[in-house]
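Q: I am new to this structure and would like to learn how to read its features one at a time. Could we begin with the ligand and then turn to the backbone?

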Amino acid sequence: MQAQLTHLQTQALTAINASDSLEQIEQLRVRYLGKKGELSAVLGGMGKLAAAERPLVGAMANTVKEQIESALQQQRTHLETQAIQAQLAREAVDVTMPGRFVPQGHRHPMQQTIDRVTDFFIGLGFSQADGPHVETDYYNFEALNFPPDHPAQDMHDTLYLADKRLLRTHTSSVQIRYMETHDPPVRIVVPGGRVYRKDALDATHSPNFHQIEILAVDDRITLADLKGILVLTIEELLGKRPMRFRPSYFPFTEPSVEVDIWWEAPGKPGRWMEVLGAGMVHPNVLKHVGYDPEQVQGFAAGLGVERLTMLLYGIDDIRLLYTSEKRFLAQF
Ligand code: PHE
């Protein structure tokens, strides 16, 4: 029986050390140490032993059992450690490996201009407003004090649609829509609205361009407020530049001004570039929206997004802004 036990132990330990999965170890445990396992089978013969021999064989059986148990435990630990090591090796990150290049986009230069100017006015307490691109004659012209069939309308080269509607020629239409639905005081910025004119495309004109409209109406607004705010806006966006205010004419403002900024493209003679129109809101416009011109006054301005962007970045052809050419856009 002692020989049987020794044999059992050798067999079990060899099998355990050769096992390579936790399931296998469990199977071996059942096979050798389970209730119906091999050790029990051997011990079943104890009854036939002489009484003197029993303690000796009993002690030996215990030793065998302990040996097998500890071999099982060791092999379990070994396999578990191996599994963790393998997982660590598999999931190791080589932090010295060069990164993968992820091309990163950014906002279009015109959108950057729009966002900066809009943020500036929001910072001054202005609210954001918007309006439709397809307009009626009323909002685009009539309520803005354009006399019917007055040649002033020609200066806008309007694109007409069927049923007398038109594509807005400026964002000033939003002034009317906003004042119609809000009581004074009013302070709004219309960020980067697209406008449409029958202009031919050249280096500084496009039939389709963008304006930022500003409107403030309150009871003590003066031309000095307008001038101060426009100078600040330009300085905020472009830094200090040679700038001039020029008297101008718009039916919806009186007095009216235009602002030019000195513009030098490489290799070309410098010249003044007009970037915005502005003025004090005409009393007739205030009347149209039900405001009392004796009680409130206001200023309004329309800024050319394309031209400001050209000045900001020294871009000398407006058409470049519409190309969606990545090599061009990546520069800004
Ligand atoms: N709407 C004018 C234009 O497009 C600009 C402007 C806006 C002028 C507001 C005065 C006041 O030319």
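A: Let us start with an idea we need: a polar contact is a pair of N or O atoms within 3.5 Å. Please keep in mind that this is a predicted model.

Q: Which side chains have a polar atom 2.8 Å from an oxygen atom of the ligand?
A: A polar side-chain atom of Gln211 lies 2.8 Å from an oxygen atom of the ligand, and Arg197 likewise places a polar side-chain atom 2.8 Å from a ligand oxygen. In the side chain of His170, an N or O atom is 2.9 Å from a nitrogen atom of the ligand. Taken alone the ligand exposes 320 Å², of which the protein buries 93%.

Q: Which strand gives the most to the shell around the ligand?
A: Strand 9 does, with 3 residues, while strand 5, strand 8 and strand 9 each supply at least two. The shell is made up of 5 nonpolar, 7 polar and 2 charged residues, and the space that the ligand takes is the largest pocket.

Q: Is Lys164 buried or exposed?
A: Exposed means over 50% relative accessible area, so Lys164, at 75% relative accessibility, counts as exposed. Lys164 also has a positive phi of about 65 degrees although it is not a glycine.

Technical notes
Residues numbered from 1 in each chain as written. Predicted model: local features only at pLDDT ≥ 70, side-chain atom pairs only at ≥ 80, totals over all residues. Heavy atoms only, no water. Buried < 20%, exposed > 50% of the residue type's maximum accessible area, 1.4 Å probe, protein only. Polar contact = N/O pair within 3.5 Å; in protein donor to acceptor, adjacent residues only side chain to side chain. Areas by Shrake-Rupley, 256 points an atom, 1.4 Å probe, with all protein chains shown as cover. 1 Å grid on protein atoms, 1.4 Å probe; cavity = no way out; pocket = protein on both sides within 12 Å on 5 of 7 lines; lining within 4 Å. Sits in = over half its atoms within 2 Å of the grid points. Helix = DSSP H or I, 4+ residues; strand = E, 2+ residues; numbered from the N terminus. Nonpolar A, V, L, I, M, F, W, Y, C, P; charged D, E, K, R; others polar.
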